[in-house]
Amino acid sequence: VARTIIKVYNSLASLLGSKTRLLAVVEPKASLVDCAIAKPIKDSDVQDSILEDDGSLVRIAGETEPEIGLKCKKSGRSSGTTRGEISQVDTTVTVDMGNNRSALFIDQFVVEKEGMSTGGDSGSIVLTEDNKVVGLLFAGSEKTMIANRYSNVKRALSLE
């Protein structure tokens, strides 16, 4: 519809002698989450806890929304348990998906801390210091961890 309207206006502008033209800009489709769910073969293979630095398991104690300054932690396959502080919320990010492809994500939160996450940590649950789920790590770099809000993940996967 926008392209048709622009074509009509550009035709009128041409007839009136104007050399200025309108250009249609198409925004890429944005996503809220990058997540998946799987059913284990045996329920006993899955626990609702994360591994702490000292090897102990910590049980999840509810859920909350991310806020700037909120201290958080995650236990990742590659980097282990790391701690940081949320520096941005309601963030829009473009993530490099490889092979010259990228994806746009809206309503994310960011933790900026050296070594907070590394490759292989994707899918790690992000908890507050009092063990409430706040997000799901899905992207990052050497200095930044990007996570989906847990409320968006829960809604997308139809979790109870």
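Is Phe-138 buried or exposed, and what is its relative accessible area?

Reply: Happy to walk through it with you; keep in mind that this is a predicted model. Phe-138 is buried, because its relative accessible area of 7% falls under the 20% cut-off.

Its ring also has a partner. The structure holds 1 aromatic pair, and the rings in it belong to Phe-105 and Phe-138. Their centres are 4.6 Å apart. The planes meet at 50 degrees, so this pair is classed as tilted; stacked would need an angle under 30 degrees, and edge-to-face one over 60. Phe-105 counts as buried too, since its relative accessibility is 4%.

Phe-105 belongs to strand E6, which covers residues 101-112, while Phe-138 is in strand E8, so the pair ties together parts that are 33 residues apart in sequence.

Strand E8 leads us on to the largest pocket. This strand, residues 133-140, supplies at least two residues of the pocket lining, as do strand E2 (49-51) and helix H2 (150-156). The pocket holds about 790 Å³ of space. It is lined by 24 residues, and those closest to its centre are Val-46, Gln-47, Ile-60, Ile-125 and Leu-159. Sorted by class, the lining has 14 nonpolar, 7 polar and 3 charged residues.

Definitions and conventions. Residues are numbered from 1 along each chain as its sequence is written. This is a predicted model: local features need pLDDT of at least 70, side-chain atom pairs count only at pLDDT 80 or more; totals for chains, interfaces and linings use all residues. Side-chain values use heavy atoms; hydrogens and water are left out. On a 1 Å grid over the protein atoms alone, a cavity is a set of points where a 1.4 Å probe fits but cannot get out, and a pocket is an open set with protein on both sides within 12 Å along at least five of seven lines; lining residues have an atom within 4 Å of a point. Grid points are joined across faces, edges and corners, and a volume is the space filled by probe spheres set on the points. Helices (H or I, at least four residues) and strands (E, at least two) are DSSP runs, numbered from the N terminus. Ala, Val, Leu, Ile, Met, Phe, Trp, Tyr, Cys and Pro count as nonpolar, Asp, Glu, Lys and Arg as charged, and the others, Gly among them, as polar. Rings of Phe, Tyr and Trp (its six-membered ring) pair if their centres lie within 6.5 Å; planes under 30 degrees apart count as stacked, over 60 as edge-to-face and the rest as tilted. Buried means under 20% relative accessible area, exposed over 50%, partly exposed in between (1.4 Å probe, protein chains only).
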